[in-house]
Amino acid sequence: MSKTVTARAHTNIALVKYWGKKDDELIIPMNSSLSLTLDHFYTDTTVTFDSQLVADHFTLDGQSTPVSAKITRVIDRVRTLAGITTPARIDSINHVPNMAGLASSASAFAALALAASQAAGLDLSLRDVSRLARRGSGSATRSVYGGFVEWQMGHDDTDSYAVPYLEHPDWDIHVLAVVVNSAPKAISSTAGMKRVVSTSPFYPAWVEQTAKDMVTIKQAITAHDFTQLGETAEANAMKMHALNMAALPPFSYFSPDTIQILDAIAELRRQGYECYATIDAGPNVKILCQAATKDHIINYIQGLLPTSQIYSATVGPGATICE
Ligand code: ADP
Ligand code: DP6
Ligand code: CO
């Protein structure tokens, strides 16, 4: 039996989104992306390669759960790299709602890649852990690192990985996750982006625009320019969601509450409380803001949507082994 290893990885929020694959198997993206790792949401995953097992076994939050194709891709790759055929026991705890557009797949597969590679006796570089996590879920590529992280799209398995852009930003930046619905979404990220790539007439424009947004957002981070960061992130998210509405058949992750929060953010800005929205594949809105206005923004949104849950996050760390 191999050693038992537990790893923790945090989710990340993309400020320039990954939305579309060039290669579905290896998860090579159509565009580079940039995210901020968050301290509040994370996954702990424990892996043991155990010759007593007849097949891989997975539990999520204590419940025996079918081993997904995404998990198999990561574990099979680890076995190939380690030269073993032993089945794995994988136990994972999400401190993030599953499949609600809060990037559970990002923390999940970054934690799995780190725990499984170590359990198999591999001592991969963080770059190689990032490449391994990518095979589980694209957004997980970035969760290997803390702070602001760039996923350089590359061309193939060897050069598509994340690099830290600014790992320890000495910057007052907060992300409020407004959860209006934590139920699993109807269209997974994987399915949504696949439909968009093959049917959305605006897709070529998206690829062009994100390349420009990458340049602008990096400038904003380097200059600690919160306004430029927020404006770029919000516009990038809206462009992504516009692709979905233009797909065939069209779809949207927005709910009426999503729109209400977007309107509230515009109103808060008019009142001088600077904040910006970004939205992943789900109805929940993440608000970028700074310490001085954070409490006012929380109270305002909570007053508008009393049943919503608002979580306050800031910069989070990279993936680590739990001793
Ligand atoms: P999200 O917005 O939560 O990232 P996705 O559409 O990417 O939603 O779907 C999440 C995927 O990650 C699903 O396939 C789900 O089964 C998987 N997943 C979530 N948590 C874990 C975990 N802790 N370990 C393994 N797989 C997980
Ligand atoms: C909107 O990483 O969940 O959150 O690679 O198919 O697992 P798969 O998709 P996933 O997609 C994330 C999409 C996004 C934007 C982002 O995180 O960059
Ligand atoms: Co995901």
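Predicted model: local features only at pLDDT ≥ 70, side-chain atom pairs only at ≥ 80, totals over all residues.
The domain assignment divides the protein into domain 1 (4-170) and domain 2 (174-313). The C-alpha centres of domain 1 and domain 2 are separated by 23 Å. To the contact between them, domain 1 contributes 28 residues and domain 2 contributes 39 residues. On the side of domain 1 that touches domain 2, two or more residues are supplied by each of strand E1 (5-16), strand E4 (33-49) and strand E9 (161-166). Strand E4 provides the largest share of this side, with 6 residues. In terms of residue class, the side of domain 1 that touches domain 2 comprises 18 nonpolar, 7 polar and 3 charged residues.

The shell around ligand 1 consists of 22 residues, of which Ser92, Ser104, Ser105, Ala108 and Ser188 come nearest. Two or more residues of this shell are given by each of helix H1 (69-82), strand E7 (88-95) and helix H2 (104-119). Helix H2 gives the most, with 3 residues. By class, the shell around ligand 1 contains 12 polar, 8 nonpolar and 2 charged residues. Both domains take part in the shell: domain 1 (4-170) and domain 2 (174-313) each supply at least three of its residues.

Terms used. Residues numbered from 1 in each chain as written. Chains lettered and ligands numbered in written order. Near = placed C-beta within 6 Å. Helix = DSSP H or I, 4+ residues; strand = E, 2+ residues; numbered from the N terminus. Nonpolar A, V, L, I, M, F, W, Y, C, P; charged D, E, K, R; others polar. Domains from an automatic or database assignment. Contact = placed C-beta atoms within 7 Å.
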